[in-house]
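Look at the structure first, then read on.

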Amino acid sequence: MKDSFADLGLGQELLAELATLGYEEPTPIQKAAIPPLVAGRDLLGQAATGTGKTAAFALPMLERIGRERAEPLKPLGLVLVPTRELAVQVAEAYGSYGKGLRVAGVPVFGGADFRKQAMGLRKGAQVVVATPGRALDHMRRESLDLSALKMVVLDEADEMLDMGFAEDLEAILTATPETRQTALFRATLAPRIARIAEKHLNDPERVQIAREKGVKGTAAKVRQVAYVVPRAFKVVTLGRVLDMEDPALALVFCRTRIEVDELADALTGRGYRVEALHGGMGQMDRDRVMRKARGQAVDVVVATDVAARGIDIDHLSHVVNFDVPPAPETYVHRIGRTGRAGREGTAITIATPREGRMMRNIESLTKQRFEMADVPTPDQVRSRRRDRMKAELAKAVEAGELEPYLSTVRSMEMDPAELAAAALKSLHEARRGDHAAEDKLQVPKWEDRGGPAHPRAESEPRGKERPDRATG
């Protein structure tokens, strides 16, 4: 039984670095993938997002590079990833793990200055972490030489195929030495992955890590909750759910850029610190959003799937599907961004009754049923807000340094209780704006409008009646 990193065949330099970083025990994908990769085997791995895949391929690559540094000016390792954000994160991981070996990952991606990247590659980069399109551009302009390559990794290969990178991947793999070692990781099963593996992997070790199931009597690490409401009430529902959940950071997925911008504006009006993230934004703006999110200067990030791919933020506590994704695999990728590395997380889906079939497909893939919940009532939301304000006030009293404010209260010669109540009222209104009409709105339960009590019901309402539009 391989219960420690020392049992996986890694050298002392890497073990010392892992100890410095506080790594104590390998995850299941690391236990299964690292030994065959260290032994030089090709590998075809399947594991959900957030299970430790990066270390599973980065550590064996660093181990091999530490032994084989024949041509330091040419890359010895290449990692292909679907997005710029993931390229940066994986490169940073190589910098952390490979510090003792003096090996770092160099990120290469579109949207950045090509000439600066080319200069950096020509100076020498032992590990290149790249998006397929930009890697191919550098190969064609001869600023990326793969002739000395020892190992290639395709991370989130299914995502790269979904994004249309199939031809780029084929061209890159064909240009690499036949003697290279190859590892392919994906989160979901896809027939196209099998074709790539058959053509480009040599008798690969096959590793499949099942998504962790909840044990009877315990809560699943990712709680999956669904609210079924008429479309006109979805924004109101999301606002109330966020008020009740009080996430450290929520990532809300929408289908289109327009929906992202509209929803971000609506949540900003409710007093949340909100940032939008979509493909229509420039790279500098996207970088700014990610810096604010990692710096805990944002409550909610509203994003499209393409823009949010590769996001990995430690304190991301909630993922919200503002619409049910049409592909169950997309749902799996989305919720994998919370509850990572053993932490608990919450996945919330706001669905309309017409999306019941898509919800059943998701349940079939994940082998886990949604926890169906009622939309919080206005009274529940108000009570939750009051509880949070009481907790904040208690913290402020405990922290002290209130003398300037006490002198102000004493000078007003009013009932202290009434002054405190007025202060709470002002704080409440400042944080949530004027939503009196919305706060009183009763969100109808779909079964009260003649529809099925549950989206798993076989039939859905076919009448032409449309739900009334909310005024909020």
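Is F185 buried or exposed? F185 counts as buried, because its relative accessibility is 0%. Buried means under 20% relative accessible area, exposed over 50%, and partly exposed in between (1.4 Å probe, protein chains only).

## About the model

This is a predicted model: local features need pLDDT of at least 70, side-chain atom pairs count only at pLDDT 80 or more, and totals for chains, interfaces and linings use all residues. Residues are numbered from 1 along each chain as its sequence is written, and side-chain values use heavy atoms, with hydrogens and water left out.

## Aromatic pairs

The structure holds 2 aromatic pairs. Rings of Phe, Tyr and Trp (its six-membered ring) pair if their centres lie within 6.5 Å; planes under 30 degrees apart count as stacked, over 60 as edge-to-face and the rest as tilted.

F57 lies in helix 3 (residues 53-67) and F185 in strand 6 (residues 181-186), so the pair ties together parts 128 residues apart in sequence. Helices (H or I, at least four residues) and strands (E, at least two) are DSSP runs, numbered from the N terminus. F57 is buried, at 0% relative accessibility.

## The pair of Y331 and F370

The rings of Y331 and F370 have centres 5.7 Å apart and planes at 70 degrees, so this pair is edge-to-face. Y331 is buried, at 0% relative accessibility. F370 is buried, with a relative accessible area of 5%.
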